[in-house]
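Subject: Structure for you to look at

Hello,

Here is the structure I promised to pass on. Please open it and keep it in view while you read my notes.

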Amino acid sequence: MLNSLLYILWNPDLEIFHIGPFAVRWYSTCWLIGLALAYFIVKWLYKDQKVKDEYFDPLFIYCFLGILIGARLGHCLFYQPDYFLSSWDHVVEMIIPVHHLADGSWKFTGYEGLASHGGTLGLMIALYLYYRKTHMNLWQVLDDIAIATPSTACFIRLGNLMNSEIIGKPTDMPWAFIFERVDMVPRHPGQLYEAIAYFIFFFIGLYFYKKRPQKVGTGFFFGLCLTLIFTFRFFIEYTKDIQVDFESGMIFNMGQLLSIPFIIIGIACMIGGKWMKKVGAK
């Protein structure tokens, strides 16, 4: 009885406010706050490392497009390929934030479905293209972005919380959330668990940067970020409900399977050290 009194009833409005037909949603606002934080953090890191301003200017565009495109394609191809690859109309929906209605008209919906693994892969590709343009040390770029990334990930998960999506499994823990938009069952607030963890990981990375700034450019911070986030992501999946039907009965769900390569890459980057720095400088 005591637990039921502590459960949190969760059903916030999806939108913050309207201006005519235009609506500002919590989810997109959280994304923008997360990206803005990363922007200012990396700007500070570049300044602290005496990197020229001209190298910083194009970075945000590369990162923004890489994360958005990667996250969208990751969701469509990893989690709903049966839908998005079933017709040309659905392929269009994968690329453009619209939905083709039964009467033949199109409706603007925004991007309903973004996958963090795809966003991470898209970011890595975008940073490689940025490196090819600027000829900066690739590992310095990756390390600086990695220090800022957990702050962005924190706000993305808060956006998921506001959307009542990526919900947890049923639980009787006293801090359970009842996502009224989904059902009236007390569940783990998996999005909040991740947001809190990523907030902590940001300060862990910042702590190591303050202690060992000379490690920037070795791949250490990039590896640390991947290892912390995706190891936590692997285990937190045990508290989450399945996102798509095909995950039922799987030993490891899609989120866990996609996390394993990133954990391996992260550990390799952390122990690569001088070799990573030498390769990135070429």
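First, a term. A cavity is a set of grid points where a 1.4 Å probe fits but cannot get out, and a lining residue has an atom within 4 Å of such a point. Please also keep in mind that this is a predicted model.

**The largest cavity**

The structure holds three cavities of 30 Å³ or more. About 620 Å³ of space lies in the largest cavity. Its lining is made by 39 residues; Ile67, Thr120, Leu123, Thr149 and Thr152 are the closest to its centre. Which helix gives the largest share of this lining? It is H8, with 10 residues. H8 covers residues 138-162. The other elements that give two or more residues are H2, H4, H7, H9 (190-211) and H10 (220-236). By class, the lining has 30 nonpolar, six polar and three charged residues.

**The second largest cavity**

The second largest cavity has a volume of about 60 Å³. It is lined by Ala146, Ile147, Pro150, Phe201, Gly205, Phe221, Leu224, Cys225 and Leu228. H8, H9 and H10 each give two or more of these residues. H10 has the largest share, with four. What is the make-up of this lining by class? Eight residues are nonpolar, one is polar and none is charged.

Next, the second largest pocket. Its volume is about 230 Å³. Of its 16 lining residues, the closest to the centre are Gly66, Ile69, Gly70, Gly122 and Ile125. Two helices give two or more residues each: H4 (59-79) and H7 (116-134). H4 gives the most, with 10 residues. The lining has 11 nonpolar and five polar residues, and no charged ones.

**Helix H4**

H4 lines this pocket, and H4 also gives residues to the largest cavity. This helix has 21 residues. From first C-alpha to last, H4 reaches 29 Å, close to the 30 Å expected at 1.5 Å a residue. The buried residues of H4 are Leu59, Cys63, Gly66, Ile67, Gly70, Ala71, Arg72, Gly74, His75, Cys76 and Tyr79.

**Helix H2**

How many residues does H2 have, and what should they span? H2 runs over residues 26-48, which makes 23 residues, and these should span 33 Å at 1.5 Å a residue. The end C-alpha atoms are 33 Å apart, so the two values agree. The buried residues of H2 are Tyr27, Thr29, Cys30, Trp31, Gly34, Leu35, Ala38, Ile41, Val42, Leu45 and Tyr46. Here is a general point to hold against that list. An α-helix has 3.6 residues a turn, so residues three or four places apart point the same way. Just after H2, lysine 50 takes a positive phi of about 60°.

Start with threonine 29, in helix H2. Is threonine 29 buried or exposed? Threonine 29 counts as buried because its relative accessible area is 19%, and the cut-off for buried is under 20%. Leaving aside neighbours within four places in sequence, threonine 29 is in contact with Ile16 and Val24.

Now go to phenylalanine 199, in helix H9. Phenylalanine 199 is partly exposed, with a relative accessible area of 48%.

Three strands form an open sheet in the order S1-S6-S7, with mixed pairing. The edge strands are S1 (8-10) and S7 (186-187), each pairing on one side only. In which sense do S1 and S6 pair? They pair in the parallel sense, over three bridges, with S6 at residues 177-179. Tryptophan 10 stands opposite phenylalanine 179 in S6.

**The whole protein**

The secondary structure comes to 12 helices and seven strands. The protein has 282 residues, and buried ones make up 48% of them.

Best wishes

Terms used:
Residues numbered from 1 in each chain as written. Predicted model: local features only at pLDDT ≥ 70, side-chain atom pairs only at ≥ 80, totals over all residues. Heavy atoms only, no water. 1 Å grid on protein atoms, 1.4 Å probe; cavity = no way out; pocket = protein on both sides within 12 Å on 5 of 7 lines; lining within 4 Å. Points joined across faces, edges and corners; volume = space filled by probe spheres on them. Nonpolar A, V, L, I, M, F, W, Y, C, P; charged D, E, K, R; others polar. Pairing = 2+ DSSP bridges. Expected span 1.5 Å × (residues − 1). Buried < 20%, exposed > 50% of the residue type's maximum accessible area, 1.4 Å probe, protein only. Contact = heavy atoms within 4.5 Å.
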